[in-house]
Amino acid sequence: MQVNGEQVTLERPMSVADYLTEHGYRPERVAVELNGAIVPRGKREEAMLDDQAVMEIVQFVQGG
Amino acid sequence: MIPNPVTEESVANTPLPPQPAVTNPVGTAAPMPNVTDTPLNLGGHEFESRFILGSGRYDLNLIKATVEHAGTQIVTMALRRAQTTENSVLDYIPKGITLLPNTSGARNAEEAVRIARLAREVCQTDFVKVEIEHETKYLLPDNAETIRATEMLAKEGFVVMPYMFPDPIAARQLEEAGAAAVMPLGSLIGSNMGLRMRDFIQIIIANANVPVIIDAGIGRPSQACEAMEMGADAVMAYTAVASAGNIPLMAKAFKDAIAAGRAAYLSGLGKVTEGHAVPSSPTTGYLH
């Protein structure tokens with residue numbers, strides 16, 4: 001699958017919530033877009049990733 | 001004199017300018033001038049501070065002191081792909097501050113809308129500063145795409161604050177599209193060149209029905225003060241503060257300059273005469 005523009009291998013099927021936790025993201029600090037649609041915080045447990053998934057994980061950075 | 005490198009400790013030890021005396025020479029409290037000001041209203045949200053601060057490019061540990069010295073209530077930030085090892089800027093912003101995400105990186109209205117939606121998902125507020133640019137040499141905003149994005153985002157309930165090239169016609173169109181404020185540039189982003197677009201900003205201010213916030217290029221407190229004297233509703237600064245020798249102290253200087261300019265605007269500036277003097281002493285009773 002693709003995460004933030006990089007090809008990554010999905011070891012096993014997992015939810016967006018599990019992916020964030022396993023890869024060290026802070027769930028309360030990021031927004032997730034899966035295949036072009038935002039996954040709201042409350043839906044991350046049920047949103048499942050597959051090897052065709054395209055995911056963006058974004059956060060705030062310093063800026064004007 | 002260039003101050004020493006700024007650290008959190010040096011900030012804590014930096015003396016601020018003395019406060020003005022609170023009593024007059026005979027010891028009774030000086031009466032406050034009768035100035036009535038209304039809060040800055042952005043989409044129904046009210047703010048006492050008229051200074052919006054960029055969060056970028058300086059040590060994260062300085063943000064809290066800078067925000068406090070600036071007296072700001074609104075801080076901008078950008079949205080980027082997350083790195084798991086990065087500190088989160090949100091950890092360093094004091095509680096109670098309104099976050100104003102920008103859409104920097106967007107090249108058209110659709111990309112701006114996408115970024116705004118993602119930003120809302122992170123911070124759970126509806127404020128967004130629309131910023132649409134095509135190149136990095138001048139970073140000039142695309143007014144046409146900005147108007148389109150403003151209309152789309154306003155329909156989705158965002159409090160839309162568009163960064164714009166100071167075209168008075170575009171300012172009116174942004175208002176009609178649902179902008180909660182307009183943010184014309186003073187000069188190029190990050191240039192510290194000041195109010196180069198002064199005359200057109202004045203026209204925008206004269207005709208605006210929403211707050212006018214001077215956004216880019218303000219390089220010195222005196223320029224922020226001038227913008228406020230002209231009737232701007234607020235000033236946003238970032239590079240001018242971030243590139244100062246002592247960042248929190250410069251934030252305080254901007255705060256004071258903006259307050260002074262606002263007070264001058266509310267007071268009503270004196271008339272300018274050209275080509276002759278106006279005597280300030282009696283023109284009779286001379287000793288000759």
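Author: In this predicted model, Phe165(B) occupies the loop that joins strand 7 (159-164) to helix 5 (168-177) of chain B.

Reader: Is Phe165(B) to be classed as buried, exposed or partly exposed, and why?

Author: The class follows from relative accessible area: under 20% is buried, over 50% is exposed, and values in between are partly exposed. Phe165(B) has 32% relative accessibility, so it counts as partly exposed.

Reader: Why is the pair of Phe51(B) and Phe254(B) described as stacked?

Author: Planes under 30 degrees apart count as stacked. The ring centres of Phe51(B) and Phe254(B) are 5.8 Å apart and their planes lie at 20°, so the pair is stacked. Phe51(B) is in strand 3 (residues 51-54) of chain B, while Phe254(B) is in helix 9 (residues 247-267) of chain B; the pair therefore ties together parts that are 203 residues apart in sequence. Phe51(B) is buried, at a relative accessible area of 2%, and Phe254(B) is buried as well, at 0%.

Reader: Over which ring does the charged end of Arg120(B) sit, and how far from its centre?

Author: The charged end of Arg120(B) sits over the ring of Phe158(B), at 3.9 Å from the ring centre. A further case is Lys129(B), whose charged end sits over the ring of Tyr163(B), 5.5 Å from the centre of that ring.

Reader: Why is helix 2 of chain B regarded as largely enclosed by the rest of the structure?

Author: Helix 2 (residues 63-70) of chain B has eight residues, of which six are buried, so the rest of the structure largely encloses this helix. The buried residues are Ile63(B), Ala65(B), Thr66(B), Val67(B), His69(B) and Ala70(B). After helix 2 of chain B comes Gly71(B), with a positive phi near 65°.

Reader: Where do Asn35(A) and Gln124(B) lie?

Author: Asn35(A) is in the loop between strand 4 (30-34) and strand 5 (37-39) of chain A. Its phi is near 50°, a positive value in a residue other than glycine. Gln124(B) is in the loop between helix 3 (109-123) and strand 6 of chain B. Phi of Gln124(B) is likewise positive, near 60°, in a residue other than glycine. With a relative accessible area of 52%, Gln124(B) is exposed.

Reader: How many disulfides does a search of the whole structure find?

Author: Over all chains, the search finds zero disulfides. As for individual cysteines, Cys123(B) counts as buried at 13% relative accessibility, and Cys225(B) counts as buried at 14%.

Notes
Residues are numbered from 1 along each chain as its sequence is written. Chains are lettered from A and ligands numbered from 1 in the order in which they are written. This is a predicted model: local features need pLDDT of at least 70, side-chain atom pairs count only at pLDDT 80 or more; totals for chains, interfaces and linings use all residues. Side-chain values use heavy atoms; hydrogens and water are left out. A disulfide is a pair of cysteine sulfur atoms within 2.5 Å. Buried means under 20% relative accessible area, exposed over 50%, partly exposed in between (1.4 Å probe, protein chains only). Helices (H or I, at least four residues) and strands (E, at least two) are DSSP runs, numbered from the N terminus. Rings of Phe, Tyr and Trp (its six-membered ring) pair if their centres lie within 6.5 Å; planes under 30 degrees apart count as stacked, over 60 as edge-to-face and the rest as tilted. A charge sits over a ring if NZ of Lys or CZ of Arg is within 6 Å of the ring centre and within 35 degrees of the ring normal.
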